[in-house]
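Here is a short report for a first look at this structure. Keep the sequence and the 3D view side by side as you read.

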Amino acid sequence: MLKTLALLRNTFFKFVNLAIVIAAVTGLSAWASDRNAADAAVQEQIEAAEHASNRGPYANDGTWEGSAKGYGGTVTMSVTIKDGYIESVDIVDVSHEDEAWLKMCQGIPAAIKKAQSPQVDTVSSATFTSTGMINAVKKAIQKEEAGE
């Protein structure tokens with residue numbers, strides 16, 4: 001009987017310890033997530049302040065489209081410049097591209113906006129599709145530079 005009680009007591013304390021560890025890990029994870037979100041918000045505010053106080057490197061504001069050859073055919077991208085900064089990069093037409101490769105390239109527009117330049121890395125395993133997207137953005141920026 002005493003042996004059974006000791007075993008139950010040990011099992012109980014193991015479960016309590018496990019619950020404490022799980023609660024601590026969950027709390028730490030939530031804190032880290034909140035901290036990352038706060039850091040991202042501060043970074044966005046810093047970028048917005050910089051953009052508001054300085055004109056970006058691009059001379060002309062507006063929206064331009066560019067096209068280039070991707071894996072399956074022509075890729076068309078749109079670039080919007082505001083206050084001299086790349087405001088947005090949008091996919092206009094990639095209808096000839098393979099869906100699987102296109103999915104891998106969905107981060108290209110955000111990477112270009114973040115870098116404020118089409119000088120970003122291509123996507124491994126979707127090299128031709130990502131190169132087409134990047135080159136289409138380069139052509140759109142060439143139109144901006146030419147004032148077209």
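Helices (H or I, at least four residues) and strands (E, at least two) are DSSP runs, numbered from the N terminus.

This is a predicted model, where local features need pLDDT of at least 70, side-chain atom pairs count only at pLDDT 80 or more, and totals for chains, interfaces and linings use all residues. Residues are numbered from 1 along each chain as its sequence is written, and side-chain values use heavy atoms, with hydrogens and water left out.

## Helix α4 itself

Helix α4 covers residues 127-146, 20 residues in total. From first C-alpha to last it reaches 28 Å, close to the 28 Å expected at 1.5 Å a residue. That expected span is 1.5 Å times one less than the number of residues.

Which residues of α4 are buried? They are Thr-129, Ser-130, Gly-132, Met-133, Ile-134, Ala-136, Val-137, Ala-140, Ile-141 and Glu-144. Buried means under 20% relative accessible area, exposed over 50%, and partly exposed in between (1.4 Å probe, protein chains only). An α-helix has 3.6 residues a turn, so residues three or four places apart point the same way. After α4 comes Gly-147, with a positive phi near 75 degrees.

## Strand β2 and its two partners

β2 is mostly covered, with 7 of its 9 residues buried. It runs antiparallel to β1, and 8 bridges join the two. β2 also pairs with β3 in the antiparallel sense, over 7 bridges. Two strands pair if DSSP finds at least two bridges between them.

Thr-80 marks a spot to look at on β2. It is the bridge partner of Thr-63. Thr-80 also stands opposite Ser-88 in β3.

## Turns and positive phi

The hairpin of β1 and β2 has 4 residues between the strands, and Gly-73 there takes a positive phi near 155 degrees. The hairpin of β2 and β3 has 2 residues between the strands. Asp-83 lies in that loop. Its phi is positive, about 55 degrees, although it is not a glycine. Most residues other than glycine have a negative phi.

Gln-116 is another non-glycine with a positive phi, about 55 degrees. Its place is in the loop between α3 and α4. Are these two residues buried or exposed, fully or in part? Asp-83 is partly exposed, with a relative accessible area of 39%. Gln-116 is buried, at 17%.
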